[in-house]
Amino acid sequence: MGWAGRLMGWLRFSTALVLVNVLFVAGTLAGLVVLGLFPAAVAASTVLGRLRDGSAGDHVVRDFVTAYRYQFRRANLVGAAFWTAGVVLVFNVGTLLGPAGTAMPPLMRAVLLVLSAVVAAVTIAAAATAVSICARYRDTVSRTWRAAFMLPLISPVMGLSLLATLAAATVIFSGMTVLVPLVGASLPLLLSGWLVGRRLGGLEPASP
């Protein structure tokens with residue numbers, strides 16, 4: 001189709017990214033953030049996965065709404081573990097940086113802060129992995145938790161790449177805030193879904 005066709009394809013893909021980002025924000029707000037974040041992330045990852053392989057078509061909104069409604073309960077059950085871990089980590093860091101932390105020996109405080117940072121990194125990587133797993137498979141909540149926490153540990157390259165991608169996106173968006181309402185959620189979900197999906201695809205048994 002030449003350069004004009006390729007340009008139109010990229011424009012359609014970019015427009016779809018913006019639309020998915022808007023749908024993600026709408027889905028998150030519809031669930032009052034706490035109940036909407038994980039279903040919106042899973043639905044967005046489902047649509048973005050179809051965009052990557054070219055099977056999304058022109059029904060992005062319909063596909064997102066269908067995935068959001070279908071995955072709402074399961075995504076929230078999976079996300080409950082990560083919300084809990086996040087709250088515990090916030091309280092833990094708050095304690096270490098507050099008056100109680102200053103009463104500790106400096107070395108112990110530094111070690112606990114480093115351990116908290118490591119746990120936070122593992123939790124973030126596991127949460128991103130869980131979103132991709134929910135978008136790719138229909139498995140039980142407990143098995144999804146187990147796979148989400150184990151996969152970044154047994155695949156350190158994937159886990160580090162995932163964290164580096166999310167960190168790079170945070171730095172870019174902090175310096176170019178105009179991109180946040182456009183692709184602030186869809187681009188990180190697209191990249192993390194590709195990284196996790198590629199690793200999961202390598203672990204799946206080959207078809208006969």
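Visitor: Which residues form one aromatic cluster?
Guide: F38, F82, W83 and F149 do. A word on the source: this is a predicted model, where local features need pLDDT of at least 70, side-chain atom pairs count only at pLDDT 80 or more, and totals for chains, interfaces and linings use all residues. Residues are numbered from 1 along each chain as its sequence is written, and side-chain values use heavy atoms, leaving out hydrogens and water.

Visitor: What makes the pair of F38 and W83 edge-to-face?
Guide: Rings of Phe, Tyr and Trp (its six-membered ring) pair if their centres lie within 6.5 Å; planes under 30 degrees apart are stacked, over 60 edge-to-face and the rest tilted. Here the centres are 6.5 Å apart and the planes at 70 degrees, so the pair is edge-to-face. F38 lies in helix α2 (residues 37-53) and W83 in helix α3, so the pair ties together parts 45 residues apart in sequence.

Visitor: Why is F38 called buried?
Guide: Buried means under 20% relative accessible area, exposed over 50%, and partly exposed in between (1.4 Å probe, protein chains only). F38 has 10% relative accessibility, so F38 counts as buried, whereas W83, at 30%, counts as partly exposed.

Visitor: How do you know that α1 is roughly parallel to α3?
Guide: Helix α1 (residues 2-30) and helix α3 (residues 60-97) pack at an angle of about 30 degrees. Angles under 35 degrees count as roughly parallel, over 145 as roughly antiparallel, 65 to 115 as roughly perpendicular and the rest as oblique. Therefore α1 is roughly parallel to α3.

Methods. Axes fitted to C-alpha atoms, helices over the stretch in contact; angles between N-to-C directions. Helix = DSSP H or I, 4+ residues; strand = E, 2+ residues; numbered from the N terminus.
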